[in-house]
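Q: Got a model up here and a few quick things to ask. Can we go through it together?
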Amino acid sequence: MFSLLYFFAFMPAVATALSVPNNYLSSISNTDPNHGITTPPFIPSTAHPPAGYETVSTPVFVSSTSLSLEAAQDIATRTTQVCRMNQFQPITVVVLDSAGHLIVQHRMDGCHPGALPMSIAKANTCIQFGMSSRTYFTKYLSQNSTPDVYVRLLNQLMILEGSVAAFQGGILLRDQQGNFVGAVGVSGAAGDEDEYCGLMGIHRSPLVGNAVVTDPAEHSCKTCIA
């Protein structure tokens, strides 16, 4: 009971403290259309910005270039043809797009099952690091590599869940402007033979050969005959 009496006794004082004079409200409404709320000025896209404001021209959308299905099919077919001509061990070849997604996969008869994940890892190394799997090997596993380099390599392996290959057979493809357009991964024969088949499959393709730049540019195979 006492608390109710206390509440009603002080209500008028609280209401008076919280009330806003009518003349104050009318003065705001007459002089300030925002009613006291400060907002940044609206700048139309076609108008020149006021002093102190800078405009930066940045693209809203970006596009990427990738190998077509027909081009990827031609590379894979010619890669396996080169393997047969040189009498290498059967191979698996994969072609990835510029984002690392699989476009085509060809597996020759008799190729061991482990060649598929290995070929994907080789091509994925190219996409993720912007270099051939051979160059990746040279960078991280050369005789001059220091312990901190090995630590970085192990971190990369864990982050990419093991889909990294530090040996020949992964070939990066760029267009003539230097943009990534895809990667080829080959596995099943010796590393330099895998790389040779992939490079020849690319360079001998009439759809792709003159339109791309490969990394590596040249092969290092000593056993090729055709």
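Q: Is Phe137 buried, partly exposed or exposed?
A: This is a predicted model. In it, Phe137 has 37% relative accessibility, so it counts as partly exposed.

Q: Which helix is Phe137 in?
A: Helix H5, residues 133-140.

Q: And which residues make a nonpolar surface patch with Phe137?
A: Leu141 and Tyr150. The patch covers about 250 Å².

Q: Switching to charges. How many salt bridges turn up in the whole structure?
A: A search finds 4. One of them joins Arg78 and Asp74, at 3.0 Å from N to O. Both residues lie in helix H3, about one turn apart.

Q: What does Lys122 pair with?
A: Asp194, with the closest N and O atoms 3.0 Å apart. Lys122 is in helix H4 and Asp194 in helix H7, so the bridge ties together parts 72 residues apart in sequence. Both residues are buried.

Q: What about Asp148?
A: Asp148 forms a salt bridge with Arg152, at 3.2 Å between the closest N and O atoms. The two sit 4 residues apart in helix H6, so about one helical turn separates them. Asp148 is partly exposed at 41%. Arg152 is partly exposed too, at 39%.

Q: Back to H3 and H7. At what angle do they pack?
A: About 130°, with the axes 8 Å apart. That angle makes H3 oblique to H7. The crossing is right-handed.

Conventions:
Residues numbered from 1 in each chain as written. Predicted model: local features only at pLDDT ≥ 70, side-chain atom pairs only at ≥ 80, totals over all residues. Heavy atoms only, no water. Patch = residues over 30% accessible without salt bridge, like charges linked within 9 Å, V, L, I, M, F, W, Y side chains within 5 Å. Areas by Shrake-Rupley, 256 points an atom, 1.4 Å probe, with all protein chains shown as cover. Salt bridge = Lys/Arg side-chain N within 4 Å of Asp/Glu carboxyl O. Buried < 20%, exposed > 50% of the residue type's maximum accessible area, 1.4 Å probe, protein only. Axes fitted to C-alpha atoms, helices over the stretch in contact; angles between N-to-C directions. Parallel < 35°, antiparallel > 145°, perpendicular 65-115°, else oblique. Left-handed = near helix turned anticlockwise from the far one by under 90°.
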